[in-house]
Amino acid sequence: MNIGSYFRLEGVLLAGAVGLYVQARDGALWDIGKLKDVGHLLQTNVMVEGIRTGAEAIAVNWIEAINPIHQAINGIGL
């Protein structure tokens with residue numbers, strides 16, 4: 001994915017010293033900057049969408065709590 005492209009990321013929302021991060025399933029730590037009113041989402045699985053601004057950085061347009069895909073699959077008996 002190129003810088004400037006629209007990007008979707010799933011992972012766990014973490015607080016850092018200067019901003020927020022999403023730790024993806026592959027272990028990559030994505031910088032999503034500072035967002036207001038997302039404290040209730042910390043340490044939960046989230047889906048983030050936005051414009052890729054760097055190697056592992058996103059300017060967030062949208063963030064929402066989600067169920068991780070493996071829990072969803074296990075919940076339907078697969």
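Predicted model: local features only at pLDDT ≥ 70, side-chain atom pairs only at ≥ 80, totals over all residues.
Residues are numbered from 1 along each chain as its sequence is written, and side-chain values use heavy atoms, with hydrogens and water left out.

**View 1. The hairpin of β2 and β3**. Strands β2 (residues 20-24) and β3 run antiparallel and are joined by 4 bridges, where pairing requires that DSSP finds at least two bridges between two strands. Tyr21 stands opposite Asp31 in β3. Between the strands of this hairpin there are 4 residues, and Gly27 takes a positive phi near 95 degrees. Strand β3 (residues 29-33) has Trp30 and Ile32 on its covered face, whereas Leu29, Asp31 and Gly33 belong to the uncovered one. In a regular strand the side chains alternate between the two faces of the sheet.

**View 2. The largest nonpolar core**. This core, a set of buried Ala, Val, Leu, Ile, Met, Phe, Trp, Tyr and Cys residues joined through side-chain atoms within 4.5 Å, has 16 residues, and those with the most contacts inside it are Leu13, Ile32 and Ile63. Two or more residues come from each of β1 (6-15), β2, β3, β4 (45-54) and β5 (57-65). Not counting residues up to four places away in sequence, Ile63 touches Leu13, Ile32, Leu35, Val38, Leu41, Val46, Met47 and Val48, a contact being heavy atoms within 4.5 Å.

**View 3. The salt bridge of Glu49 and Arg8**. A salt bridge (a side-chain nitrogen of Lys or Arg within 4 Å of a carboxyl oxygen of Asp or Glu) forms between Glu49 and Arg8, with the closest N and O atoms 2.3 Å apart. The pair links distant parts of the chain, Glu49 in strand β4 and Arg8 in strand β1, 41 residues apart. Glu49 is buried, with a relative accessible area of 12%, whereas Arg8 counts as exposed at 55%; buried means under 20% relative accessible area and exposed over 50%, with partly exposed in between (1.4 Å probe, protein chains only).

**View 4. The salt bridge of Glu10 and Arg25**. The side chains of Glu10 and Arg25 meet at 3.0 Å, N to O. Glu10 lies in strand β1 and Arg25 in the loop between β2 and β3, so the pair ties together parts that are 15 residues apart in sequence. Glu10 counts as buried at 17% relative accessibility, whereas Arg25 counts as exposed at 61%.
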